[in-house]
Amino acid sequence: MTRFAAPAALLAVLYFAPALSGPYLLHVLVLCYLYAIPAVGLNLMLGYTGLVSLGHIAFAGIGGYTAAVLMVDARLGYWSALAVAVAAAGAAGAAIGLVCLRFRSHFFMIVTLAFGLMLYSVMNNWDDVTRGAAGFPGIPRPPAFTTLESFYRLALTGALAAFAVQWLVVRSDFGRILIALRQDERLAEAKGVNATLYKTAVFALGSALAGLGGALQVSFLRVAAPASFNLAESINAVLIVIVGGAGSLAGPALGALLFVGLPEYLRVAAEWRLVVFGALLVLITLFAPRGIAGVIDDGWRRLARRGR
Amino acid sequence: MAQALLEQVINGLMTGSVYVLVALGMVLIYGVMHVLNFAHGVLFMLGGYVCHFFFTRVTGSYVLSLLLSMVVLALVGLAVERGVFRPLQGNLRNQVIASLGLILAIENLVVALWGPNALQLRVASTETLVALGELRFPAHHLMIIGITAVCVALMFGFLKWSKLGTAIRATSQDRNAAMVVGIPVEKVDMATFCLGTALAALGGALVGPLFLVFPQMGDAPMVKGLAGILLGGMGSVPGAVVGGLIIGVTESVSTLFLPTDYRDSVAFAVMVLILLGRPQGLFGVRVRGEA
C-alpha cells in the first residue's frame with residue numbers, strides 16, 4: 001500500500017497546483033510536461049531498446065504541424081485533430097523507422113539525423129502549408145482549456161498518459177522483448193524475435209508520443225515555429241533522457257524538470273544554461289551513465305542498507 | 001547556360017573543398033578511434049572564431065591568424081580526446097552522446113562569449129576579383145580550392161611516407177595488431193585528433209571571410225562532410241576527398257534546377273539513398289563489420 005502512497009500524494013499536489021501557486025510556476029511546469037512527453041517516447045527507443053535517434057523532435061514537428069493544419073485550415077474539431085496528429089506522427093515514425101532500422105549503430109544515428117534535418121527543412125520551406133520560417137500562427141487551445149490553469153491540467157494529463165503508456169509497455173512482454181533487443185539483438189533473434197518488427201513498432205510508438213507533445217506544444221504556444229523542431233531540440237531531447245536516466249521510468253520526468261526548471265530557478269542566461277547542460281551531458285556519460293535516476297537509486301539503496 | 005554551369009561548378013568546388021577539410025578530419029578520427037565525432041562542426045566554427053579573434057585583436061595578418069587558429073584548435077582537440085573520448089573508448093553510444101554534449105557546450109559558450117550575431121572577417125582576398133574566361137570570382141574562392149588541394153596532397157604524402165602516417169594507417173586497419181607490433185596507439189589517437197581538429201579549424205577560418213563567422217556556421221559543413229564520407233565509403237581517405245567534392249558540386253549545380261531552399265535536403269536525400277543502395281560507398285571500404 002505504501003508503494004502507491006507517495007506517487008498518489010505527488011499526483012494530488014500536481015493536480016491541485018493551480019490553486020496553490022502563481023501563474024509563473026504553472027507556466028514553467030507546463031513547459032516541463034511538454035518537454036517530458038516526447039522524452040518518454042525517446043526513452044522507450046533510446047533507453048529501453050538502445051536506438052539512439054538524433055531526429056526525434058522532427059516527429060514532434062509532424063504532430064504539431066498536422067494539428068495546426070487540421071485545426072486552422074481544415075477546421076476540424078480540436079480533439080479529432082489531436083488524434084489525427086498523433087496518428088500521423090506515429091505513421092511517419094513507422095515509415096521512416098522502417099528505412100532507418102535497416103542500419104545499425106553509427107549509421108542508424110546518421111540516417112535519423114538526416115531525416116530530422118530533411119523534415120525540418122520541409123517545415124521551414126514549404127510556405128504554402130507550414131507558413132515557412134515565420135511560423136504558423138492562430139492555433140487554438142481546446143474549448144474548455146483556454147486559461148493557463150485549465151491548460152495546465154490538460155498538459156499534466158497528457159504527460160501522465162505518456163508515462164502510463166511507458167509503464168504499461170515496460171512491464172509487458174513487448175517491453176521485455178525491447179530490453180532483450182538492447183541487450184543482445186542476435187540472441188533475441190535466435191530465440192525467434194522478429195527484431196525489425198519490434199524496433200519499427202517502438203519507433204512508431206516513440207514518434208506518436210513525440211507527436212502528442214508537439215501538438216500540445218503548438219496549442220499551448222498558439223503558434224508552430226520550425227525552430228521548435230530543429231536539430232538543437234532533438235539534441236535537447238537526448239539530453240533530457242540521458243541526464244534524467246535512460247531506461248528508467250522516472251528518467252524523462254527528472255530530466256525535463258532539471259532541463260526546464262533548474263535554469264528558471266537559477267535565473268541564468270540561456271546560453272550559459274546550455275553550456276552547463278552540455279558539460280553535464282558529457283559528465284553524465286563519463287561518470288554516471290544511468291543518469292540522475294541511477295544516482296538517486298544508488299543513494300537510496302545505500303541508505304536502506306545502512307538502515308538495516 | 002554553359003557559363004552558369006561553369007560558375008556553379010567553381011562555386012561547388014569551393015564549398016566542396018570546405019566539406020573535404022571537415023570530412024578528412026572526421027574520416028581519420030573515425031578510422032583510427034572508431035569515434036563518430038558529431039562535435040566536429042562546432043570545432044570548425046570555433047576555428048572561425050579563434051581566427052577572427054587573432055585577426056582583429058592580436059595580429060592583422062590573415063595567414064598568421066589562420067595558422068594560430070589551427071594550433072589552438074589542435075590543442076582543443078587534444079583536450080577533447082584525452083578528457084572525453086578516450087575514457088569512453090569502446091562505448092559507441094556514450095561517445096556519440098558526449099559529442100552532442102560538446103556541441104551544446106561549445107556552441108553556447110561561443111554565444112556567451114561573442115554574442116549570437118554574425119561577425120565580419122574583412123580580408124582583401126574576398127574583394128579582389130580574378131577573371132576566369134568571362135567569369136569573375138573572388139580570389140578567396142580560388143584560394144580555398146588551392147589550399148585544400150595542397151592540404152590533401154600533403155595529407156596523402158604524410159599518410160603514405162611518414163612514420164606517424166604509417167602508424168595512423170596501421171592503427172585504423174587493425175588496432176590490436178598495431179599494438180602487437182609496438183605502435184603506441186594512444187599517441188596515434190592523440191595525433192589523429194589534433195590533426196583532424198586543426199583541419200576543421202582551417203576550414204572554419206577559410207570560410208569565415210566569405211560567409212561571416214556565426215555560432216551555427218559549422219552545422220551544415222559537419223553534416224555535408226559526413227555525407228561526403230558516406231559517399232566515399234566510411235573509413236576511406238580518398239573517398240572523403242572525392243565524396244566531399246561531389247556533394248559540394250552537386251549541391252551548387254542543383255540550384256540551377258531546384259529552389260535553393262531545398263539545397264540541403266538534396267545532400268541528405270543523396271546520403272540516405274547511397275546508404276540504402278551502396279552502403280560501402282564509392283571506394284568500397286567496409287570497416288569493421290558495420291552497417
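Helix α4 of chain A is mostly covered, with 16 of its 18 residues buried (20 or more other C-beta atoms within 10 Å of a residue's own; 12 or fewer is exposed, in between is partly exposed, and C-beta atoms are placed from the backbone). This is a predicted model, where local features need pLDDT of at least 70, side-chain atom pairs count only at pLDDT 80 or more, and totals for chains, interfaces and linings use all residues. Residues are numbered from 1 along each chain as its sequence is written, while chains are lettered from A and ligands numbered from 1 in the order in which they are written. Overall, the model scores ipTM 0.83 and pTM 0.87.

**Helices of chain A**

- α4(A) covers residues 56–73 and reaches 26 Å from its first C-alpha to its last, close to the 26 Å expected (1.5 Å times one less than the number of residues).
- Helices here are DSSP runs of H or I with at least four residues, strands are runs of E with at least two, and both are numbered from the N terminus.
- α6(A), residues 105–125, has 21 residues and spans 31 Å from first to last C-alpha, close to the expected 30 Å.
- Since 17 of its 21 residues are buried, α6(A) is largely enclosed by the rest of the structure.

- M109(A) sits in helix α6 of chain A and counts as buried, with 24 C-beta neighbours inside 10 Å.
- Leaving aside neighbours within four places in sequence, M109(A) is in contact with V52(A), L54(A) and V96(B) (contact means C-beta atoms, placed from the backbone, within 7 Å).
- A246(A) is 137 residues from M109(A) along the chain, and their C-alpha atoms are separated by 17 Å.
- L98(A) belongs to helix α5 (residues 78–100) of chain A and is partly exposed, with 14 other C-beta atoms within 10 Å.
- From L98(A) to A204(A) it's 106 residues in sequence but 9.4 Å in space, C-alpha to C-alpha.

**Where A meets B**

- On the A side, 30 residues are in contact with 35 residues of chain B.
- α6, α12 (231–244) and α14 (270–287) of chain A each supply at least two residues of the side that touches chain B.
- That side of chain A has 21 nonpolar, six polar and three charged residues (Ala, Val, Leu, Ile, Met, Phe, Trp, Tyr, Cys and Pro count as nonpolar, Asp, Glu, Lys and Arg as charged, and the others, Gly among them, as polar).

**Chain B as a whole**

- Chain B has eleven helices and two strands, running α-α-α-α-β-β-α-α-α-α-α-α-α from the N terminus on.
- Its radius of gyration is 19 Å, close to the 19 Å that the globule rule gives for 291 residues, so chain B is as compact as a globular protein of that length (taken over C-alpha atoms; the rule is 2.2 Å times the number of residues to the power 0.38).
- The C-alpha atoms of chain B fill a box of roughly 60 × 45 × 35 Å along the principal axes.
- Buried residues make up 51% of the 291 residues in chain B.
- Mean pLDDT for chain B is 87, with 97% of its residues at 70 or more (pLDDT is the predictor's confidence in each residue, from 0 to 100).

**The hairpin in chain B**

- β1(B), residues 129–132, and β2(B), residues 135–138, pair in the antiparallel sense over four bridges (pairing takes at least two DSSP bridges).
- L129(B) has P138(B) as its bridge partner in β2(B).
- Two residues lie between the strands of this hairpin, where G133(B) takes a positive phi near 65°.

Methods: Contact = placed C-beta atoms within 7 Å.
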